[in-house]
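Q: Please go through the contacts, the sheet and the nonpolar cores, and set each value against its definition.

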Amino acid sequence: MAPIDSAETQGDPTGATTRADRMRRKASRTLVPVAVAGVAAATIGLVPALADSGDPDLPKITAQQLVEKIAASDTQRLSGTVKITTDLGIPSLGGLAGSLGQGAGASSGSAAPEDRLTELASGTHTLKVAADGPDKQRLTILGNSSEYSLIHDTDEVWAHESGSDEVFHAKTGARGHDEEGSRGAAPDGTPRQFAEEALKAVGDTTSVTVDGTVRVAGRDAYQLLIEPKQSGSTIGSVRIAVDAENGVPLRFTLSPSSGGKAAVNVGFSKVDFSKPDASVFAFTPPAGAEVTEAEDAAGREAAGTGSGALADLLPGGLAGLEGTDDGAGGAGGVKTLGEGWTTILRAEVPGGADLASAKGSSSLLDAFGDRATGKFGSGTVFGTRLVNALVTDQGKVYVGAVTRDALVRAANADH
């Protein structure tokens, strides 16, 4: 099967700079975004949804046709179960996240979305998701003895953990059927969001083929295989199982170039495309609950979907992150180096023009990484199976889904 070279998908990466903004932004999103973890970035992944036995016999389809099928999918209603796990080679953040929350004055039952979403950056989790158009979504994180839910119903967003007396509430304004139309109905935590961002990487540096068929969550699906043509990327391949009937991505698997277990797996274990009952999206605060109100400032902008760390580290997302390069590395000055799957973000730490002279700073970094030298001077390289970063003693930061050698080469060339 010959590779294809281009595809069009949509994304809407957004940002927030204050804790209040992050709370409003994350609560207003219709479903869970990708969490950020570690010194550079980390991603959440979904435990592989068990494929049904026997590959289905489906009509032949080209890679171009399959990409177009994903882009044309207009499914607005679904409900199902999603499994989440991460294997980035870093310790679980669950306990750490909870400790940080406690240190900030949050209780164990905190309804603040960022407190719970951080926990999804590692470990294994189960989610229940439901959507009925762009204005009604629900995501529930199932715990051992409790459930944490984010509910979006028209212009209301609620966050609550069962058994807790704390509730988070935001008014977002009804999104309606905006320019993204039915695409806004797709849960951010489902394979569709990952798939759309991955497809932005399709281009001259990417091979895209159809890799047979599979059954996922009782559905017949084609499997799209995306592979970098370049060397130096930590991403070996991306596989997307696409529903043969409606074009909805059912499973997303990202395998590192280093081999071993998949770093990210996104898949449904159960899925139903019928209309969810209206009661799924109804919520009334428990009697006596303390309701924390978010300001309306987040508004419609915060209600938009976002790409998250994984999407940002794919070539399409990296291109969208490029900021103004003022030559002095001021705040917000971000530059992209390279192209395609070996794209690297370069930024400068404000006020960090000479980290080498800061007492103890180098030794602190060394405790978490390895020293590196080159034309750029010296610095520390650290990262995970998927993401690596180089922080130079002069305050420059290079980060991307590339190997450590690729980071050093980029820093040398940038000197």
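Q: What makes Leu224 count as touching Leu66 and Ile240?
A: Contact means heavy atoms within 4.5 Å. By that rule, and not counting residues up to four places away in sequence, Leu224 touches Ala63, Leu66, Val67, Ile70, Leu199, Val208, Thr209, Val238, Arg239 and Ile240. The model is predicted: local features need pLDDT of at least 70, side-chain atom pairs count only at pLDDT 80 or more, and totals for chains, interfaces and linings use all residues. Numbering starts from 1 along each chain as its sequence is written, and side-chain values use heavy atoms, with hydrogens and water left out.

Q: Which residues touch the most other members of the largest nonpolar core?
A: Leu224 and Phe252 do, in a core of 37 residues. Such a core is a set of buried Ala, Val, Leu, Ile, Met, Phe, Trp, Tyr and Cys residues joined through side-chain atoms within 4.5 Å, where buried means under 20% relative accessible area (1.4 Å probe, protein chains only). Among the elements that each supply at least two residues of this core are H2, H5 and S8.

Q: Why are S7 and S12 called edge strands?
A: Strands are DSSP runs (E, at least two residues), numbered from the N terminus, and two of them pair if DSSP finds at least two bridges between them. S7 (206-216) and S12 (290-293) each have a single partner strand, so one side of each is left without a neighbour in the sheet.

Q: How do you know that S7 and S8 pair?
A: 9 bridges join S7 to S8 (residues 219-228), and the two run antiparallel. One of the links to S8 is Val210 with its bridge partner Leu224.

Conventions:
Helices (H or I, at least four residues) and strands (E, at least two) are DSSP runs, numbered from the N terminus. Buried means under 20% relative accessible area, exposed over 50%, partly exposed in between (1.4 Å probe, protein chains only).
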